[in-house]
Amino acid sequence: MVQKMDSIVLANRPLGDAELGNFRLETAELPQPGPNEFLARTIWLSLDPYMRGRMNDTKSYSPPVGIDETMEGGCVAEVMESNNPDYSVGDIILDRLGWTSHGISKGIGVRKIDPIIAPISSNLGVLGMPGLTAWVGLNDILEAQPGETIVISAATGAVGSLAGQLAKLKGMRVIGIAGGYDKTQYAINELGYDVCIDHKSASLHELRKQISVAAPNGVDCYFENVGGKTLEAILPLLNTFARIALCGMIAWYSPEATKTAGPIPTVWGAILRQRLRVRGFIIFDHYDRLDAFLEEVAPMVSNGTIKYKETISLGLSSAPQSFLDLLEGKNFGKQLVRVGNDPK
Ligand SMILES: NC(=O)c1ccc[n+]([C@@H]2O[C@H](COP(=O)([O-])OP(=O)(O)OC[C@H]3O[C@@H](n4cnc5c(N)ncnc54)[C@H](OP(=O)(O)O)[C@@H]3O)[C@@H](O)[C@H]2O)c1
């Protein structure tokens, strides 16, 4: 029997919010690895907010996914056949195969995974790109210091949940912003946030009031993941010389949502008057910090000091709906798709 592979391609570009009709499932014969290549089967696929940007045909830090091309994404996969001397059948790897059940790779930028340290899926979350983003954002971008007050939006997500725990370990006052009661309680009771505020049940003014009560000495650092109402609420509460790590702005990833965004002069004025340091960062510029990050964080994940949560959907075909759910905040922790079984 000829073995098949499934892939999810970008069928067309979203006109407003992304929707299921933007994706298409395709089936093809399993490809054979060429010289120096290997064939791998996907076990876990990572779904990440940046993928929404790849669906647009606009200039960005990475080119968009082409129409009829496989959606891109990070995967934990098992090598099935190999013509590459550096990779053997059975190796568990981290690769960017995309939204696909199988993929061919030359091994460039691929990392071998040690399944002893932590469950292999964690290499897409707390010990992967989102985890590195949290660590770099806190240490290198914000230069966060003990005793300071930090606000972290999307506080229980893949990035936010690690940023919050690391900030607490540093001895900071840590205030989270998350969507819904369950997430705020998890942030406080499990992740150790001092306070976590529900942005969904509060108006802009209520949110600002609640943050100001939680931060009686003002806010020194803002780990910005969302933009939108949360950013507007925080701006006047930032101390003079406060720092913002501009990591993401998920509330504005849909062009529709930007129509209700506050005026630029409000933001510009705050940066000027409060002498803010705002630094955008994209994690692929910071992979030289991977070893230092893993050296510090992997043992804490291994021994349970650092906690993490995953939302798992089953089967590659569930990826489009799970991705739309992620954009609406229906994920709780790192959003993953289980595409294949764990290795035997
Ligand atoms: N700069 C980089 O290199 C880099 C790398 C990785 C991630 N990021 C960015 O970091 C942010 C978090 O990424 P992640 O992977 O950790 O995702 P995540 O937090 O696990 O999931 C996204 C979360 O964003 C929140 N959200 C969605 N729509 C929102 C809205 N309209 N207003 C407020 N919050 C909203 C939801 O949390 P609630 O339910 O709590 O609202 C949702 O669960 C994203 O903006 C992402 O693009 C940037």
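Author: Helices (H or I, at least four residues) and strands (E, at least two) are DSSP runs, numbered from the N terminus. This is a predicted model, in which local features need pLDDT of at least 70, side-chain atom pairs count only at pLDDT 80 or more, and totals for chains, interfaces and linings use all residues.

Reader: Is serine 105 buried or exposed?

Author: Serine 105 belongs to strand β6, residues 102-105. Buried means under 20% relative accessible area, exposed over 50%, and partly exposed in between, with a 1.4 Å probe and protein chains only. Because its relative accessibility is 7%, serine 105 counts as buried.

Reader: With which side chain does the side chain of serine 105 make a polar contact?

Author: A polar contact is a pair of N or O atoms within 3.5 Å; within protein, one must be able to donate a hydrogen and the other to accept it, and residues adjacent in sequence count only if both atoms are side-chain atoms. The side chain of serine 105 reaches the backbone nitrogen of glycine 107 at 2.9 Å. Its side-chain partner, at 2.7 Å, is aspartate 95.

Reader: How many disulfides does the structure hold?

Author: A disulfide is a pair of cysteine sulfur atoms within 2.5 Å. For cysteine 196, the closest cysteine sulfur is 17 Å away in cysteine 247, too far for a bond. The sulfur of cysteine 247 is itself 14 Å from its closest cysteine sulfur, in cysteine 221, which is also too far. The number of disulfides is zero.

Reader: How many residues surround the ligand?

Author: A residue is near a molecule or strand if one of its heavy atoms lies within 4 Å of it. The closest residues to the ligand are Lys183, His199, Tyr253, Ile283 and Asn331. The residues that surround the ligand number 27.

Reader: Which helices each supply at least two residues of the shell around the ligand?

Author: The shell draws at least three residues from each of domain 1 (4-125 + 308-338) and domain 2 (129-284), with bounds from an automatic or database domain assignment. The helices that each supply at least two residues are α2 (129-141), α3 (158-169) and α9 (319-327).

Reader: Where does arginine 275 lie?

Author: Most residues other than glycine have a negative phi. Arginine 275 has a positive phi of about 50° although it is not a glycine. Its relative accessible area is 46%, so arginine 275 is partly exposed. Its place is the loop between α7 (264-273) and β13 (277-280).

Reader: What is the relative accessibility of glutamate 143?

Author: Glutamate 143 also has a positive phi, near 50°, in a residue other than glycine. It sits in the loop between α2 and β8 (149-153). Glutamate 143 counts as partly exposed because its relative accessibility is 38%.

Technical notes. Residues numbered from 1 in each chain as written. Heavy atoms only, no water.
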